[in-house]
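Open the model in your viewer and keep the selection tool ready.

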Amino acid sequence: MARSRSGTRNTRGPRKPQRRGDGGQGGAVQTIDPSARGAVEIPASIMVKELAELIGVNPADIIRELIKSGIFASINQVIDRDTAALVTSDLGYEVAEASPSEPTIEASGETTAGEAAKDVITDETDDPADLVSRAPIVTVMGHVDHGKTSLLDAIRKSTVAAGERGGITQHVGASEADHNGRHIVFLDTPGHEAFTAMRARGARVTDIAVLVVAADDGVMPQTIEAIDHARAAGVPIVIALNKIDKTDSTPDRVKTELSEHNVIIEEYGGDVPMVAVSAKTGQGIDDLLETILITSDAVVDPKGNPKRSAIGTVVEAELDKGRGPVATILVQTGTLRVGDIAVVGETYGRVRAMEDTKGRRVTKAGPSTAVVLLGLGDVPAAGDVLRVVADEKRARTIVEERRNAQTSRPEGHGRATLEDLYRQIQAGQTKELRIILKADVQGSLGAIVHALDQLQTDEVKINVLRQGAGDITDNDILLASASDAVVVGFNTKLDPAARRTAEAEDVEVRLYDIIYRLTEDMDAALRGMLEPEEQEVVEGRAEVRQIFRSGKSTVIAGSYVTDGRMVRGGARVYRGGRLVTTDRIESLRRFRDDVREVAAGYECGIGLASYKDLEEGDIIESFTTQIVSRAAG
């Protein structure tokens with residue numbers, strides 16, 4: 001799948017840095033001969049870009065050397081002096097001794113970096129008098145197409161299911177409902193097997209698992225997986241027997257199949273309640289909510305301390321073009337307030353603003369409350385724990401220790417170095433497909449990585465060198481170039497600079513909007529079965545400046561071409577950085593003339609084949625398809 005490169009890098013001893021362009025980071029870099037360069041003085045910490053400038057080499061050369069040590073860094077990442085000194089020495093430059101006055105960091109006792117990071121935050125002891133009942137947190141699980149999202153729609157009277165691609169939920173979300181004056185928080189987990197990891201995260205933070213089983217379909221493989229996750233998390237199960245309104249429903253068969261998996265419903269003498277419901281007609285919805293509350297009171301009795309510092313879990317996270325990192329947080333105990341300093345996984349920040357599940361601004365969130373949080377420095381991972389700390393200095397210390405623990409994992413705990421992998425490949429011991437993975441949100445990343453893990457064999461490996469949420473950037477392309485990797489994007493796009501760098505560096509980029517197609521391609525690549533196919537080529541992008549309507553069906557978008565060229569063919573519409581629809585450019589005009597293409601810097605009128613709800617500010621991306629040969633990675 002990746003474009004092949006001839007030759008093997010020399011991984012032993014110092015080598016002279018390459019004289020080359022800087023991979024899209026500016027003009028050409030004039031490398032300095034090591035023999036003509038004096039000893040390099042390196043500070044206690046330094047950015048990769050700054051180190052490259054200090055010794056006079058290309059940032060890509062620094063990144064290559066870091067990769068050999070198992071460190072996958074961007075040009076803006078900070079590395080410590082020891083790492084920088086090793087890289088500098090490997091490139092053939094002399095490193096000056098550290099200044100005696102330079103502060104050093106000493107290890108405290110025998111605690112590992114990872115343990116130290118965990119120990120920095122100590123749990124407050126809750127006074128039993130401060131504990132109050134909180135709303136139950138309910139995870140909705142089940143097999144694909146059994147109606148999980150539709151059931152939630154019936155509860156919250158929204159239309160999430162209609163907006164999901166292919167009718168399948170692809171992002172974990174949180175929603176809230178009230179019944180008889182009491183509150184319930186719902187987590188909606190995807191049902192397809194590719195999202196097993198996301199479903200497991202949902203089970204760990206939940207009080208009750210609602211298992212949706214279609215009365216006309218019965219117990220399916222993902223139904224069994226959901227049962228296993230709920231049991232592993234030690235949470236009670238409530239069965240929602242959905243689609244009971246269908247004429248071909250067979251409730252007794254479903255009850256028998258459940259019992260075969262040791263889920264014994266109350267009707268059969270067990271302790272698992274079952275409620276017959278219809279998400280379509282609304283039948284049984286009130287009974288289901290009542291059963292959830294009864295189970296909560298009798299079995300769970302969830303409590304929280306609103307007086308303590310908040311602890312919560314990231315349900316979903318993404319990079320919003322206008323607002324920066326945005327995370328959906330489920331507060332489990334304590335009260336989260338605007339202005340608090342929060343540590344979330346390997347990032348932190350001051351809570352700048354919060355919104356409830358209906359989009360309203362709030363200033364605080366107590367136990368069992370889901371809020372959208374703004375103010376973090378980076379996009380956290382779904383499943384990361386949020387904890388409020390005293391000040392920014394403390395937060396920064398915690399995050400630095402966590403990051404150091406991540407990069408200093410012992411051999412066997414993290415990924416192999418490229419040097420080891422090259423030796424194994426040369427010896428015929430293994431083959432590897434290296435991937436840089438970017439997606440629209442963190443939840444999708446976990447699902448895709450889990451699905452890719454299932455494709456691996458002893459002979460062929462998939463190595464995800466980097467994964468993150470947001471657009472594909474220059475840094476991603478540089479890392480792919482340095483490590484002979486393929487860049488894979490899911491529901492995301494290349495920014496214009498990254499596209500130019502990818503072309504210059506000969507890096508292959510593949511974009512997908514359906515996870516199944518992504519995993520099928522990766523599986524085929526691993527097995528060397530990729531046949532020539534039609535592949536998308538992004539031609540250009542245009543910004544919609546004005547909308548012209550003629551009659552009921554004709555909509556023309558007066559647009560300005562910002563990058564590349566617009567041509568008749570495929571089109572994707574983005575709004576606020578999000579993919580809205582995929583369509584086809586049916587008409588393309590300059591003034592009154594039909595034209596074949598319009599170049600960057602010019603205005604044009606664009607008519608799409610079917611999508612008529614264009615708005616000013618939308619970005620239309622033009623793409624074509626071409627037949628390309630594909631080779632296994």
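In which strand is Ala-317 found? Select strand S11, residues 311-320, and Ala-317 is there. Strands (E, at least two residues) and helices (H or I, at least four) are DSSP runs, numbered from the N terminus.

This is a predicted model: local features need pLDDT of at least 70, side-chain atom pairs count only at pLDDT 80 or more, and totals for chains, interfaces and linings use all residues. Residues are numbered from 1 along each chain as its sequence is written, and side-chain values use heavy atoms, with hydrogens and water left out.

Stay on Ala-317. Its relative accessible area is 1%, so Ala-317 counts as buried (under 20%; exposed is over 50%, partly exposed in between; 1.4 Å probe, protein chains only). Now show its contacts (heavy atoms within 4.5 Å). Leaving out residues up to four places away in sequence, Ala-317 touches Val-326, Ala-327, Val-379, Pro-380, Val-441 and Gln-442.

Next, select H1 and H2. Here Val-48, Leu-51, Ala-52 and Ile-55 of H1 meet Pro-59, Ile-62, Ile-63 and Leu-66 of H2.

Now color the largest nonpolar core, which has 35 residues. Such a core is a set of buried Ala, Val, Leu, Ile, Met, Phe, Trp, Tyr and Cys residues joined through side-chain atoms within 4.5 Å. Helices H1 (48-55), H2 (59-68), H3 (81-90), H14 (474-483) and H15 (496-505) each supply at least two of its residues.

Last stop: a second, separate core of 21 residues, including Ile-208 and Leu-293.
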